[in-house]
Amino acid sequence: MSDFNHSNHLDDARVAARVVGTSSLTSSTEAMPTSGEISRFLARREADQDGLELPLTLSDAAEYTDLAEGEVASLAAIGAIPALVAGEGSSKKWMFYLSELKLWLDDEKENGGAPCKVQ
Amino acid sequence: MNTVKNEIGHPAELSFGAMEYFLLALIGKASLTSLYALQQRAGLQPGGIRPALKRLYARGFIARAESSARQRRDLSLTARGLAFLNDTWKQSLSEYPDNESVFRAVCVALLMGNAEYATLYLEGMSVGRRNSAQEKSMEAERLGKIQRDPLSTYAWTRVLSEARRRGAESEALSTASQSLKEQLQPDVGLQP
């Protein structure tokens with residue numbers, strides 16, 4: 001499993017790098033962050049500081065669980081991974097909570113890696 | 001003294017659409033904290049919102065504070081619920097087949113202080129409805145040319161009615177968007 005940390009996962013780190021002007025994670029040709037990206041980054045940082053957990057995206061969950069995005073989505077769709085789906089139609093998005101993914105992975109280890117149905 | 005009850009579960013799949021976001025915004029941003037207030041101010045029937053409230057409880061996004069004095073259970077957003085709303089409310093601006101859900105999503109955007117998003121969303125939904133109304137109109141025209149036996153007449157009337165309905169909905173959404181846009185414009189008459 002990758003060493004995943006919600007507070008500095010890749011998307012936020014990229015935005016942060018662009019906000020503060022460091023270039024280790026971003027190329028010089030990359031566009032400046034939008035005001036939406038900046039406010040989202042600041043909101044997430046504030047939530048982290050307040051100890052509040054914000055939902056992760058599908059790609060974050062895939063990175064954390066070391067699974068392909070499609071596999072995570074399939075497992076979520078059959079209820080094997082705790083998730084919620086927000087929105088409808090083409091803007092439908094899977095969301096995950098890190099604490100729930102941690103519990104799920106712990107259960108996975110205990111059950112020998114077999115997918116566990118979340119009650 | 002109030003005690004807060006929270007029923008956090010681990011549901012397999014929870015769908016959060018216009019109604020769930022609408023309830024979060026009404027409770028957290030418009031201070032409608034009782035079923036009575038939700039019914040009176042937002043026209044939401046307790047029976048109709050029960051499944052959505054259940055989903056919000058299960059996720060730990062809302063809680064009930066029991067007031068012993070008045071035997072009333074006030075609804076409140078948990079810190080987790082508020083963080084979720086603030087972080088993901090734009091997901092409520094999805095494509096919905098019914099205008100009611102669209103208007104709920106618009107209300108969420110307005111309660112989140114983003115009238116510009118609300119206007120653009122209404123405009124987008126209006127265009128979407130107009131396009132699908134045109135498609136249905138073409139289908140109705142095609143079906144209208146078919147010989148009129150009872151079943152083909154039935155199919156034609158349904159498609160024709162659907163085309164008209166979507167056209168009318170598009171008009172309503174466009175008018176609402178225009179009206180909201182005008183409200184956002186600074187009053188030019190007052191400018192020097």
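1. Why does L52(A) count as partly exposed? Its relative accessibility is 25%, and the class of partly exposed residues runs between the 20% limit for buried and the 50% limit for exposed, so L52(A) belongs there. Do keep in mind that this is a predicted model.

2. As for its setting, L52(A) sits in the chain A loop that joins α2 (35-49) to α3 (58-65). Leaving aside residues up to four places away in sequence, L52(A) is in contact with A47(A) and, from chain B, with A79(B), R80(B) and A83(B).

3. L84(A) deserves a look on your screen. Beyond four places in sequence, L84(A) touches K93(A), W94(A), M95(A) and Y97(A) in chain A. In chain B, L84(A) meets L14(B), F16(B), R59(B), F61(B) and F84(B).

4. Finally, a helix pair in chain B. The axes of α2 (residues 35-42) and α3 (residues 46-58) of chain B come within 11 Å and cross at roughly 115°; the crossing of α2(B) past α3(B) is right-handed. From α2(B), L35(B), L38(B) and Q39(B) meet P46(B), I49(B) and L53(B) of α3(B). Sorted by class, this contact holds five nonpolar residues, one polar and no charged ones.

Technical notes: Residues are numbered from 1 along each chain as its sequence is written. Chains are lettered from A and ligands numbered from 1 in the order in which they are written. This is a predicted model: local features need pLDDT of at least 70, side-chain atom pairs count only at pLDDT 80 or more; totals for chains, interfaces and linings use all residues. Side-chain values use heavy atoms; hydrogens and water are left out. Contact means heavy atoms within 4.5 Å. Helices (H or I, at least four residues) and strands (E, at least two) are DSSP runs, numbered from the N terminus. Buried means under 20% relative accessible area, exposed over 50%, partly exposed in between (1.4 Å probe, protein chains only). Axes are lines fitted to C-alpha atoms, for helices over the stretch in contact, and angles run from 0 to 180 degrees between N-to-C directions. A crossing is left-handed if the near helix is turned anticlockwise from the far one by less than a right angle, and right-handed if clockwise. Ala, Val, Leu, Ile, Met, Phe, Trp, Tyr, Cys and Pro count as nonpolar, Asp, Glu, Lys and Arg as charged, and the others, Gly among them, as polar.
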